Amino acid sequence: MVLDKLVSNAAAAEQTVKILSQRLAGLQKAYEEQKRQREELEKCKIVKENESLKQQIEGLKFDVDCLRVQNGARSIRLPKSKPVSLAPVDLPKEEDKSNTRAATETQPIQANEKKVNNKKKAKESSEEKSKPNNAGKSDESRPVDASRLDLRVGKIIHVERHPDADTLYVEKVDLGEENPRTIVSGLVKHVPIEEMQNRLAIFMCNLKPAKMRGILSQGMIMCASTPEKVQPLLLPEGATIGDKVRMQGYTVEPDVQLNPKRKIWEQVKPDMLVNSKGIASYKGKEFYIEGKGSCYSSVLKNCPIS
């Protein structure tokens, strides 16, 4: 009887060991699976971080290039090296050494003077080019209306948060010009940064550049606006970088740069509205791109444009 009980206990113990072994194997398998998943997540996280860092580096490179261009820096090609001649060189005679030394000493001075003169000429040329040519464009006698605004289609090719302002984006915008412009926009609370990147929008291009929290802004993105919501104006299908935005019934002849003292934009702004159909308009005349259609807002109606 005792032997039977021992045999029974041994069988039960063996069964328990078997069950525990199966559970242990299951736990080991689950642990391996979780470990594999964690490793995959870590890899994905590292790849995303690397991609983010790569984009930041590209953005910083882009910013450096823009700053170099804005400050007049140019790429300098090093001259090709010439083969060194092995022909014997006649050394200067003893009596000519003082003349040779004097000529050698004056060469750096002449070179420096030449560099200074070249920089001065380049600066004068740059300043001359930057002066707005207002001949026939911003005549004081011209009527103040939206025809004097330079509204163009641009593409945001890089966007980041302003380092010193929580509500501002700093954008690099391709407007079809030689170099992209820097434009600062207060859209952080209204448009996610992902929707700003590579976005086509309408920009006013002839406002006088102004610093916004330390960064020079060279234009303004045009938006339908209410106190609760802001949406950049949308474009008709087929709109491309550099397209001019016109107003029905107006011949667009924009000033090279709006004179802030005359407050042209401030006078025009109250009549720029999104109408009841969602179409952008000035005094009831629709904004349009020739051959492509009207500019509009998809979510806002009967509201100002700013």
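These legends describe close-up views of a predicted model.

**View 1. The whole protein.** The protein has 306 residues, and 27% of them count as buried. It contains four helices and 15 strands. Among contacts with a separation of 6 or more, 67% link residues 24 or more positions apart.

View 2. The strands lie in the order 3-2-1-4-7, and their pairing is antiparallel. Which strands stand at the edges? They are strand 3 (181–185) and strand 7 (220–221). Each has a single partner strand, so one of its sides is left without a neighbour in the sheet. Strands of a sheet pair through backbone hydrogen bonds, either parallel or antiparallel.

**View 3. Strand 2 and its two partners.** Strand 2 covers residues 169–174. Six bridges join it to strand 1 (residues 151–161), and the two run antiparallel. Here Glu 160 stands opposite Val 170. Five bridges join strand 2 to strand 3, again antiparallel. In this pair, Glu 171 stands opposite Ile 183. Is strand 2 enclosed or open? Five of its six residues are buried, so strand 2 is largely enclosed by the rest of the structure.

View 4. Strand 2 and strand 3 form a hairpin with six residues between the strands. Gly 176 sits in this loop. Its phi is positive, near 85°. Is Gly 176 buried or exposed? Its relative accessible area is 57%, and exposed means over 50%, so Gly 176 is exposed. Thr 240 is 64 residues away along the chain, yet the C-alpha atoms of Gly 176 and Thr 240 are separated by 9.3 Å.

View 5. Strand 4 (residues 200–204) pairs with strand 7 in the antiparallel sense. Two bridges hold this pairing. Which residue of strand 7 is the bridge partner of Met 204? The partner is Met 220.

**View 6. The second largest pocket.** This pocket has a volume of about 370 Å³. Its lining counts 20 residues, and the closest to the centre are Val 184, Ser 185, Met 212, Met 220 and Ile 221. Strand 3, strand 5 (210–212), strand 7 and strand 8 (223–225) each give two or more residues to the lining. By class, the lining has ten nonpolar, eight polar and two charged residues. Met 220 links this view to the previous one: it is among the residues closest to the pocket centre, and it is the bridge partner of Met 204.

Conventions: Residues are numbered from 1 along each chain as its sequence is written. This is a predicted model: local features need pLDDT of at least 70, side-chain atom pairs count only at pLDDT 80 or more; totals for chains, interfaces and linings use all residues. Side-chain values use heavy atoms; hydrogens and water are left out. Two strands pair if DSSP finds at least two bridges between them. Buried means under 20% relative accessible area, exposed over 50%, partly exposed in between (1.4 Å probe, protein chains only). Contact means heavy atoms within 4.5 Å. On a 1 Å grid over the protein atoms alone, a cavity is a set of points where a 1.4 Å probe fits but cannot get out, and a pocket is an open set with protein on both sides within 12 Å along at least five of seven lines; lining residues have an atom within 4 Å of a point. Grid points are joined across faces, edges and corners, and a volume is the space filled by probe spheres set on the points. Ala, Val, Leu, Ile, Met, Phe, Trp, Tyr, Cys and Pro count as nonpolar, Asp, Glu, Lys and Arg as charged, and the others, Gly among them, as polar.
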